[in-house]
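Here's a quick briefing to read with the model open. We'll go through the strands, then the helices, then the ligand.

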Amino acid sequence: PAERDLAGRHVVISAGGTREPLDPVRYLGNRSSGKQGYALARTAVARGARVTLVAANTGLSDPAGADVLTVGTAEQLREAVLKAAADADAVVMAAAVADFRPAHYAAGKIKKKDGEEPAPLELVRNPDILAELSAHRGRPGQLVVGFAAETDDVLVNGRAKLARKGCDLLVVNEVGDGKAFGTEENEAVVLGADGSETPVPYGPKEDLADRIWDLVGERLPESDAP
Ligand code: C5P
């Protein structure tokens, strides 16, 4: 990649996985490690960008040179990302955001009662942050990038998701059989709203991150920075 090609740019990256609380000790969560999002943050810093990293439950140490905001739930992630995106050149949603959250939060720990069946868990939808960002850009020409983890018909499902979300680029990972989640390596196809299709071979998450920044950089409007 061209060195410092993101100088003067502000990029926002979400990473990790949201946790949706049921009561003070329990939550609904997912297996996202945050490693791909952190690789995106490190490579963007190396390429000269100002980086805001919105981190959800990762337990990873802060990447040097990035502004890190920690969040827990999808709603908190949404607020932090939308605020940071107001002046961003690009937003990359690498976080695994819970599609649903418990409809009710119990202020006290939910207890099991002898002889009683457990109460069914009622869920409500979380807002789709990627779709919202894509529909309401923080500034003209802002690039929005999403991720999709698919287990089958990866390209067909990826194209449909790209159109549904309205983002500019969608990084499609094949998951399952120990692929992607929690590992140091990744393999993906990056689909563009312009019809482009960029396969990225199996390799370090840093390499995929650099390819994503290449594709973002090519699509950014000229910088108005001096
Ligand atoms: O719809 P799906 O969860 O497969 O889409 C994944 C992409 O959408 C990821 O980029 C994720 O960060 C984003 N997403 C979101 N808000 C949600 C669910 C997913 O921004 N509620």
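Strand β11 (residues 185-192) and β12 run antiparallel, with six bridges joining them. One of the pairs to look up is V190, whose bridge partner in β12 is T198. Keep in mind that this is a predicted model.

**The open sheet**

- β11 and β12 belong to an open sheet of eight strands, ordered β5-β4-β1-β6-β9-β10-β11-β12, and the pairing in it is mixed.
- The edges are taken by β5 (66-71) and β12 (197-204); each has a single partner strand, so one side of each is left without a neighbour in the sheet.
- On average, neighbouring strands of this sheet are turned by 20° against each other, ignoring direction.
- If you're tracing side chains along a strand, remember that in a regular strand they alternate between the two faces of the sheet.

**The hairpin**

- Strand β2 (residues 20-23) and strand β3 (residues 26-28) run antiparallel and are joined by three bridges.
- The two strands make a hairpin, with two residues between β2 and β3.
- For a landmark here, take E20: its bridge partner in β3 is L28.

**Helix α5 and its surroundings**

- α5 lies across β6 (90-93), β9, β10 (169-174), β11 and β12, and it runs at about 155° to β12.
- α5 (residues 205-219) also packs with helix α1 (residues 35-46), at an angle of about 60° and with the axes 8 Å apart.
- How do α1 and α5 stand to each other? Angles from 65 to 115 degrees would count as roughly perpendicular and those under 35 as roughly parallel, so α1 and α5 come out as oblique.
- The crossing in which α1 passes α5 is right-handed.
- On the α1 side, the contact is made by K35, Q36, A39, L40, R42, T43 and A44, while α5 brings K205, E206, A209, D210, I212 and W213.
- By type, this contact of α1 with α5 splits into six nonpolar, five charged and two polar residues.

**Around the ligand**

- Which residues surround the ligand? They are A74, M93, A95, V97, D99, N126, D128, I129, L130, G146, F147 and A148.
- Two elements give two or more residues to this shell, namely α3 (129-135) and β9 (143-150).
- β9 gives the most, with three residues.
- Eight residues of the shell around the ligand are nonpolar, two are polar and two are charged.

Technical notes. Residues are numbered from 1 along each chain as its sequence is written. This is a predicted model: local features need pLDDT of at least 70, side-chain atom pairs count only at pLDDT 80 or more; totals for chains, interfaces and linings use all residues. A residue is near a molecule or strand if its C-beta atom, placed from the backbone, lies within 6 Å of it. Helices (H or I, at least four residues) and strands (E, at least two) are DSSP runs, numbered from the N terminus. Ala, Val, Leu, Ile, Met, Phe, Trp, Tyr, Cys and Pro count as nonpolar, Asp, Glu, Lys and Arg as charged, and the others, Gly among them, as polar. Axes are lines fitted to C-alpha atoms, for helices over the stretch in contact, and angles run from 0 to 180 degrees between N-to-C directions. Angles under 35 degrees count as roughly parallel, over 145 as roughly antiparallel, 65 to 115 as roughly perpendicular and the rest as oblique. A crossing is left-handed if the near helix is turned anticlockwise from the far one by less than a right angle, and right-handed if clockwise. Two residues are in contact if their C-beta atoms, placed from the backbone, lie within 7 Å. Two strands pair if DSSP finds at least two bridges between them.
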